[in-house]
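Let's take a friendly walk through a protein model together. Have the sequence and the 3D view ready, and look for each part as it comes up.

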Amino acid sequence: MHIFPLASQRPASDDPALDQLAQFLQRHPDALLLTGAGISTASGIPDYRDTDGVRRGNAPVQGPDFRRQEAVRRRYWARSMVGWPTLARAAPNAGHLAIAQLAQRQRIGGLVTQNVDGLHQQAGSAAVTELHGSIHGVVCLDCRARHTRRLIQEVLERDNPQMLGATATPAPDGDALLEPSQLATFHLPCCPHCGGTLQPDVVFFGDGVPPACAAEAGRKMGDASALLVVGSSVMVYSSFRLCRMAAETGKPVAAINLGKTRADHLLAFKTEAPAQDILPALAAMLG
């Protein structure tokens with residue numbers, strides 16, 4: 001595998017890494033793009049892992065624990081009440097916009113994302129497969145009614161005025177780090193329809209990607225002649241699976257990522273560059 005580090009300034013047309021990416025997409029205009037947290041960091045959303053692929057911060061909420069333990073739900077919703085507004089205000093960055101442009105010009109094929117932030121759709125990308133769901137939706141585990149996250153935020157703020165104005169360190173996917181003492185008086189949100197238990201419409205750690213969504217991502221990989229990973233270490237199986245599917249069927253896999261990926265041994269090449277820098281240059285080069 002060849003690794004091309006990014007030069008200190010924005011890639012120019014004579015940058016070998018940029019040239020190689022352009023040639024890759026020229027050979028594979030139907031390439032599937034698989035994006036991860038690294039494409040959204042320039043929008044102010046923290047990522048999960050460092051350049052060695054090691055997870056940062058506290059252990060994530062596990063889905064079975066969320067559904068089984070009220071204390072876990074209390075911790076999640078209190079942190080989300082404080083952290084979600086930052087994510088809700090986030091706007092697509094130049095990387096998201098460049099991907100939408102590449103798709104509109106038919107320079108790439110399908111788009112699969114591990115992100116739950118919805119920024120690809122805001123940037124204009126269509127038919128996005130969200131492997132891990134959307135943080136902007138909430139589902140009732142009892143009556144299965146669906147609600148917007150914005151509506152549930154209004155409920156949280158109404159029932160927890162003591163938390164208004166609270167500050168905390170932002171964490172990935174609308175989470176925030178709170179002191180345990182802030183949870184003591186927190187009131188959990190309930191389903192506006194039936195009073196049941198609410199869960200964000202995302203795939204928690206410990207849960208599997210819904211079969212229909214996994215099948216959709218697999219079909220997109222089957223329809224593509226290559227795979228380009230952008231801003232992901234592909235450490236979780238749902239994304240690594242696509243890399244392995246491509247490699248096992250003789251389709252080349254390339255990556256734009258700062259640091260190690262689980263699929264390094266499968267890559268034809270990797271460009272170590274911030275997505276928000278190199279993707280706009282790539283879109284400009286391909287016209």
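## The cores inside the model

In the largest nonpolar core, which has 28 residues, the members that touch the most others are Leu25, Leu228, Val230, Leu279 and Leu282. A nonpolar core here is a set of buried Ala, Val, Leu, Ile, Met, Phe, Trp, Tyr and Cys residues joined through side-chain atoms within 4.5 Å. Buried means under 20% relative accessible area, exposed means over 50%, and partly exposed lies in between, using a 1.4 Å probe and protein chains only.

At least two residues of this core come from each of helix H1 (16-27), helix H4 (94-104), strand S10 (227-230), strand S11 (253-256) and helix H9 (275-286). Helices (H or I, at least four residues) and strands (E, at least two) are DSSP runs, numbered from the N terminus.

Which residues does Leu282 contact, apart from its neighbours within four places in sequence? They are Leu18, Leu21, Ala22 and Leu25, where contact means heavy atoms within 4.5 Å. There is also a second, separate core of 27 residues, and Phe66, Met81, Leu119 and Leu183 are among them. In soluble globular proteins, nonpolar side chains tend to be buried together.

Before going on, please note that this is a predicted model: local features need pLDDT of at least 70, side-chain atom pairs count only at pLDDT 80 or more, and totals for chains, interfaces and linings use all residues. Residues are numbered from 1 along each chain as its sequence is written, and side-chain values use heavy atoms, leaving out hydrogens and water.

## The whole chain

The protein chain has 9 helices and 12 strands. Of its 287 residues, 48% count as buried. Among contacts between residues at least 6 apart in sequence, 74% join residues at least 24 apart.

## A strand with two covered faces

Now look at S10. In a regular strand the side chains alternate between the two faces of the sheet. In S10 both faces are covered: Leu227 and Val229 are buried on one side, and Leu228 and Val230 are buried on the other.

S10 pairs with strand S2 (residues 32-35) in the parallel sense over 4 bridges; two strands pair if DSSP finds at least two bridges between them. Here Thr35 stands opposite Val230 in S10. S10 also pairs with S11 in the parallel sense over 4 bridges, and the bridge partner of Leu228 in S11 is Ala254. From S10 the chain crosses through H8 to S11 in a right-handed β-α-β crossover. Right-handed means that, with the strands pointing away from the viewer, the path from the first strand over the helix to the second runs clockwise.

## Charged partners

How many salt bridges does the structure hold? There are 8 salt bridges, each being a side-chain nitrogen of Lys or Arg within 4 Å of a carboxyl oxygen of Asp or Glu. The table lists some of them.

| Salt bridge | N to O distance |
|---|---|
| Arg158 and Asp159 | 2.9 Å |
| Arg244 and Glu248 | 3.9 Å |
| Lys270 and Glu272 | 3.8 Å |

Lys270 is buried, at 2% relative accessibility, while Glu272 is partly exposed at 26%. Salt bridges that share partners join Asp264, Lys270 and Glu272 into one network.

Arg244 and Glu248 both lie in helix H8 (residues 237-248), 4 residues apart, about one turn of the helix. Arg244 is partly exposed at 35%, and Glu248 is exposed at 63%. In the remaining row, Asp159 is partly exposed at 27% and Arg158 is exposed at 58%.

## Rings that meet

The model has 5 aromatic pairs. Rings of Phe, Tyr and Trp (its six-membered ring) pair if their centres lie within 6.5 Å; planes under 30 degrees apart count as stacked, over 60 as edge-to-face and the rest as tilted.

The ring centres of Phe66 and Phe204 are 5.0 Å apart with planes at 35°, so this pair is tilted. Phe66 lies in helix H2 (residues 63-68) and Phe204 in the loop between strand S9 (198-202) and helix H7 (211-223), so the pair ties together parts 138 residues apart in sequence. Tyr76 and Phe204 form an edge-to-face pair, 5.7 Å centre to centre with 85° between the planes. Tyr76 and Phe204 are both buried. Phe66, Tyr76, Trp77 and Phe204 form one aromatic cluster.
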